[in-house]
Amino acid sequence: AKRLKEFNMNSCAITDYGNMYGAVNFYNTMKANEIHPIIGYEAHLTFGSRFDRSASLEAGERPYYNLILLAENVEGYYNLCYLASKAFSEGFHFKPRIDLEILAAKSRGLIALSSGFKGFLWHHLRDGDTEKAGRKLSLLGEIFDPEHFYVELQDHDLPEEKIVLEKIINYARGNNLQCVVTNDAHYLSREDAKAHELLLCIGEGKTINDGSRARFGSDKFYLRSPEEMWSLFGDGFSRELLNTLKISEMCRFK
């Protein structure tokens, strides 16, 4: 909250992976510091059934994809809570999962964002499979209207990410999809990247020298200032940058 104040940023979203454990503390802390809190949830979405525990997957598919969901109003907040709960009690298979059926039933009051490199759009466009990307976008288009679904554009200085980003931009603009520039912040400042690496090691029970440990591959997953984001993407993406403010205005849950 202090860093947000320094950046003159007046709103912030929390989107924890597969749970909402931090939502209440986050909301109260942001409110106490006069920052508008946006309650979100990074869902693990399977395009099969959440009840399916089998390991069989179609070639080129993942068992689940990440999808950002933000609460627009009180109904959206209750729907987020419902989805997060059912993901554990009905959909848990390595991760708490939801599917299209339950998402469609509980989508009112929610804004969806396509997520970054763990999202379906990133995955399929990286592989050049525009057909699968389009098919899944159509399924989500049946749940969310164009004002409630955004394609995320991210750049954390990863070589592969830059290649896929260009593909995503071209695909989104070619299909008249709304985009929003986002930043996947996992720690506060760039200097915290090393501590974050150590935290991941502790979580996996591995040492920092273990070649098989999880890596983000960049020290750019920190909370960036508006000026940094603007210089990163430039004036050619002013609409996509300003869509962060548009979404913030839409999310008015109290």
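**Entry 1: A133**

A133 is part of helix 6, residues 130-141. Helices (H or I, at least four residues) and strands (E, at least two) are DSSP runs, numbered from the N terminus. I also checked A133 against S49: they are 84 residues apart along the chain, and their C-alpha atoms are separated by 19 Å.

A note to myself: this is a predicted model, where local features need pLDDT of at least 70, side-chain atom pairs count only at pLDDT 80 or more, and totals for chains, interfaces and linings use all residues. Residues are numbered from 1 along each chain as its sequence is written, and side-chain values use heavy atoms, with hydrogens and water left out.

**Entry 2: salt bridges**

A salt bridge is a side-chain nitrogen of Lys or Arg within 4 Å of a carboxyl oxygen of Asp or Glu. By this rule I get 20 salt bridges. One of them joins K132 to E61, with the closest N and O atoms 3.9 Å apart. K132 lies in helix 6 and E61 in the loop between strand 2 (36-46) and strand 3 (65-71), so this pair ties together parts that are 71 residues apart in sequence. Are K132 and E61 buried or exposed? Both are buried.

E131 and R135 meet in another salt bridge, 3.5 Å from N to O. They both lie in helix 6, four residues apart, which is about one turn of the helix. E131 is exposed at 59% relative accessible area, while R135 is partly exposed at 43%.

I also noted a network of salt bridges that links R50, K86, E90, D99 and E101.

**Entry 3: aromatic rings**

Rings of Phe, Tyr and Trp (its six-membered ring) pair if their centres lie within 6.5 Å; planes under 30 degrees apart count as stacked, over 60 as edge-to-face and the rest as tilted. How many aromatic pairs does the whole structure hold? My search finds ten. In one of them, the ring centres of Y77 and F253 are 4.6 Å apart and the planes are at 10°, so the pair is stacked. This pair links distant parts of the chain, as Y77 is in helix 3 and F253 in the segment after helix 10 (238-250), 176 residues apart. Y77 is buried at 19%, and F253 is buried at 13%.

F216 and F221 make an edge-to-face pair, 4.9 Å centre to centre with 85° between the planes. F216 is partly exposed at 23%, whereas F221 is buried at 0%. I also saw that ring pairs link Y27, Y77, Y78 and F253 into a cluster.

**Entry 4: cysteines**

A disulfide is a covalent bond between the sulfur atoms of two cysteines. The search rule asks for a pair of cysteine sulfur atoms within 2.5 Å. How many disulfides turn up in the whole structure? I found zero. C81 is partly exposed at 29% relative accessibility, while C201 is buried at 3%.

Key. Buried means under 20% relative accessible area, exposed over 50%, partly exposed in between (1.4 Å probe, protein chains only).
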